[in-house]
Amino acid sequence: MANFDGIVVGAGVAGSTTAALLARQGFRVLLVEKATFPREKICGEGLMPAGARILNELGILSELRAQGAQAFSGIHFHLPRNRCIELNFAEVSQTAQGWVVPRMVLDTRLARFAAQQPGVQLCEAFRVLSAQIGEGQVEVTGLYQGQLHTHRARLLIGADGIRSRFHNGFGIHRHKRRTRRFALSTSYDQLQGTGVVEVHCCEAGEAYVAPMGKRSARITLLLFGTAHRPR
Ligand SMILES: Cc1cc2nc3c(=O)[nH]c(=O)nc-3n(C[C@H](O)[C@H](O)[C@H](O)COP(=O)(O)OP(=O)(O)OC[C@H]3O[C@@H](n4cnc5c(N)ncnc54)[C@H](O)[C@@H]3O)c2cc1C
């Protein structure tokens, strides 16, 4: 017999939000995550207005704002040959706003929020190894504290990121990259902020500049290919 209605694998933004929303509908959910929070996740850290709207509905956005989340008003993509594509949220909706929130803060808060919902059981340091799909039931086996554990549910949600282990099994197209990617992220002070997230793109990679305050920004570099790794 299934001991949960649903098992969500991965407590990133997708998994934690899904678990919390399912619990609000009355479902009993097991949320498993191989890492323990707080954990690093490299990211440009720009939360788009649609995501901000969901966090607002969940009641988390005001808390993140109080902790220093910075508003931004659009994204400017700087492309080779001096081309620029400007997405200004106000052109779509007067109230739309993005927020720069460190992923370590956002993901930790979302996982804790999910765990606070009656009906959600969060299990960190649980690495899913396999899932069996049967008649009206799924069985998920994973490693927790050096031992194999199996849980059953009616519903399985694979929210385990871009390299999800579930894609192949269900015929979901898995994006195959020809080159490896390598990312770096750091914060800089003494910068003249523009109030928008800037994305600078070239053949070698992308650089994201996210305003963190009046004179500081989070800068994330995503480089394509291993040639950059030594530097
Ligand atoms: C350099 C870079 C910059 C980016 N900038 C932005 C940005 O500015 N704004 C934006 O919106 N997006 C950005 N993104 C994309 C964004 O990071 C992803 O879209 C987002 O993290 C996806 O969330 P997710 O919850 O689906 O997956 P993830 O955040 O990857 O979470 C998946 C979770 O599953 C867990 N997991 C994996 N395997 C298992 C397993 N076997 N068992 C248990 N748990 C498991 C992982 O530990 C992880 O916690 C950026 C990405 C990169 C690489």
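Mentor: In the lining of the second largest pocket, five residues are nonpolar, four polar and one charged (Ala, Val, Leu, Ile, Met, Phe, Trp, Tyr, Cys and Pro count as nonpolar, Asp, Glu, Lys and Arg as charged, the others, Gly among them, as polar). The model is predicted, so local features need pLDDT of at least 70 and side-chain atom pairs count only at pLDDT 80 or more, while totals for chains, interfaces and linings use all residues. Numbering starts from 1 along each chain as its sequence is written, and side-chain values use heavy atoms, with hydrogens and water left out.

The lining consists of Pro 49, Ala 52, Arg 53, Asn 56, Leu 61, Ser 93, Thr 95, Ala 96, Gln 97 and Trp 99 (a pocket is an open set of points on a 1 Å grid over the protein atoms alone, where a 1.4 Å probe fits, with protein on both sides within 12 Å along at least five of seven lines; lining residues have an atom within 4 Å of a point). Helix α2, residues 49-58, gives the most to this lining, with four residues (helices are DSSP runs of H or I, at least four residues, strands runs of E, at least two, numbered from the N terminus).

As for the sheets, one is open, with six strands in the order β8-β2-β1-β11-β10-β9 and mixed pairing (strands pair if DSSP finds at least two bridges between them). Strands β8 (120-123) and β9 (126-134) are at the edges with a single partner strand each, so one side of each has no neighbour in the sheet. On average, neighbouring strands here are turned by 35° against each other, direction ignored (axes are lines fitted to C-alpha atoms, for helices over the stretch in contact; angles run from 0 to 180 degrees between N-to-C directions). Within this sheet, β1 (4-9) runs parallel to β11 (147-158), joined by five bridges, and Val 8 stands opposite Ile 157 in β11.

Helix α1 (13-24) packs on the sheet and touches β1, β2 (29-32), β8 and β11, its direction making about 170° with that of β2 (contact means heavy atoms within 4.5 Å). Helix α4 (103-116) lies across β2 and β8, at about 135° to β8.

Another open sheet has six strands in the order β6-β5-β13-β14-β15-β12, again with mixed pairing. Its edges are β6 (83-88) and β12 (181-188), each with a single partner strand, so one side of each is left without a neighbour in the sheet. Here neighbouring strands are turned by 15° against each other on average, direction ignored. Strands β13 (197-202) and β14 (205-213) run antiparallel and share five bridges; Cys 201 has Glu 206 in β14 as its bridge partner.
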